[in-house]
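Subject: Structure handover

Hello,

The structure is below, followed by notes on what turned up in it.

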Amino acid sequence: MYCSVYGADVSGMEARIIRIEADVHDGLPVFDMVGYLASAVKEARERVRISVHNMGIRFPAKRITVNLSPANLRKEGTSFDLPIAISLLTAFGYLSEELTEKTLIIGELGLDGSVREVRGVLAMIMAGKEKGIKRFIVPERNVLEGGMLRGIRVYGVNSLQQAYGFLRGELSLTPVYTEFCEKETAAETESGGFDMDFSDIHGQLRLKRAAEIAVSGRHNLLMIGAPGSGKTMVAKRIPTIMPGLSREESLEITKLYSICGKLSRQEPIIKRRPFRAPHHTVTATALTGGGRIPTPGEITLAAKGVLFLDELPEFSREALEVLRQPLEERKVTISRVGHTYEYPSDCMFVAAMNPCRCGYFPDYEKCRCTVGEIHQYLAKVSEPLLDRMDICVEAGLPDFPIYGGEEESSAEIQKRVERTVAVQKERYKEENFCYNSELPVNALEHYCYLHKAEREYMEELLRDGTCSMRRLYRIVRVARTIADMEESDTITEKHITEAVCLRSIDKKYWGC
């Protein structure tokens with residue numbers, strides 16, 4: 001008897017729907033599995049055989065063949081165990097094919113017949129929904145992430161026996177739907193959901209202003225200053241002033257973390273923007289992704305959120321330089337023989353560093369470094385990488401007194417940021433981007449028109465070698481954000497001047 005069911009796996013960032021065909025007929029007793037299978041999929045043969053046997057069902061002494069189609073795609077992972085078992089039970093005659101029609105089945109089997117969680121369930125369900133599939137059977141531990149989508153029925157099972165009973169109509173299961181409130185993140189912030197707040201930082205108005213501009217337009221930010229001046233404090237509080245996640249953004253981030261296997265059982269839905277702060281010993285592969293079996297790196301895990309590199313010059317030169325293309329193109333491309341993987345890198349990049357190894361340059365009363373040591377330390381951050389930074393700001397010493405006084409809270413700053421972001425989304429509603437930092441060069445003339453005085457000022461910066469073209473474009477984008485913060489339709493010389501000031505501090509240290 002022949003039958004087929006739907007399964008799925010994940011390749012890179014995309015899920016693939018696979019048809020699992022089972023055929024049982026007379027012949028020499030054998031159990032074959034074909035279809036360009038990786039080792040983990042080939043091993044499903046024994047897991048399925050023992051799981052079915054432990055249900056009390058014996059394999060018939062017939063020729064059994066299971067094919068995973070299309071056969072030209074390499075199948076990986078353990079998500080095929082449960083659909084293979086169901087396809088065999090159907091081919092043996094215990095289930096009718098009508099019971100599994102238009103049903104996507106996902107799950108790994110234990111030898112005792114238990115269904116175990118797998119990675120990428122949300123991505124698989126999204127792919128299945130696009131194919132017109134309306135019913136999904138997934139591991140019980142993955143059911144909450146799968147229940148985020150509307151218009152489908154997602155059922156969680158904890159054993160092969162339960163899935164078998166449900167398909168036969170002997171058991172009743174309730175489809176799971178996970179409610180999502182778009183304003184939840186903002187509400188949590190206002191009610192103290194974050195354990196940090198911008199009101200903890202006293203003084204440092206320049207840093208706070210730079211952080212607000214950076215978040216409002218999702219610009220890259222570099223902070224330079226002496227140890228203890230508040231750079232890391234500001235960076236860690238940036239998520240508290242970012243706009244709350246929409247349902248679509250939450251789905252996208254949850255899908256990414258599901259594929260990477262980083263969803264927690266306590267919080268299977270990502271409702272806050274990611275904040276990734278890898279240690280400076282991180283490798284280039286761990287930062288951008290890759291490996292023998294390519295997996296996303298830190299810059300991808302920070303998508304829609306913040307990637308923070310503290311003590312920037314302490315990172316290896318290779319790790320820093322490999323960031324240049326992802327920061328420019330907002331995606332990571334990893335090529336392997338026969339396949340190319342693309343991972344998103346549309347995050348806000350924030351970095352902090354000392355001006356020298358001891359941290360006190362240019363205060364010569366405190367600085368213990370020689371001129372050569374200072375140049376060698378600063379040279380670890382190349383000019384091409386500096387060109388990718390929209391804002392470079394110097395952190396002075398914190399104001400005194402450290403305690404006391406009223407400082408602006410994260411909730412107050414967040415309201416202004418959300419208003420500025422709303423202006424950008426309305427302006428770019430017909431485009432495939434929504435932040436000023438994403439403005440392509442060919443759209444600058446339309447959305448960032450400069451009058452004669454502002455244009456002459458920018459031309460002067462270019463002629464005297466102060467700015468490269470890439471840096472000049474970034475200054476214009478930052479000026480557009482500053483104008484949006486002031487609810488100005490046009491970019492004035494005041495906005496350009498502030499954007500230039502926020503980008504000129506590197507000249508003090510690197511002379512570029």
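The buried residues of α6 are covered by, among others, α2 (44-54), α3 (81-91), β6 (108-109), β7 (115-116), β8 (135-139) and β9 (153-157). Helices (H or I, at least four residues) and strands (E, at least two) are DSSP runs, numbered from the N terminus; contact means heavy atoms within 4.5 Å. Of the 9 residues in α6 (160-168), 7 are buried, that is, under 20% relative accessible area, with exposed over 50% and partly exposed in between (1.4 Å probe, protein chains only). They are Leu160, Gln162, Ala163, Tyr164, Gly165, Phe166 and Leu167. Glycine 169 follows the helix, with a positive phi near 85°.

This is a predicted model: local features need pLDDT of at least 70, side-chain atom pairs count only at pLDDT 80 or more, and totals for chains, interfaces and linings use all residues. Residues are numbered from 1 along each chain as its sequence is written, and side-chain values use heavy atoms, without hydrogens and water.

Leaving out residues up to four places away in sequence, Trp510 touches Leu222, Ile224, Met353, Leu378, Val381 and Leu386.

Arg49 lies over the face of Phe59, 5.7 Å from the ring centre (CZ of Arg or NZ of Lys within 6 Å of the centre and within 35 degrees of the ring normal).

Regards
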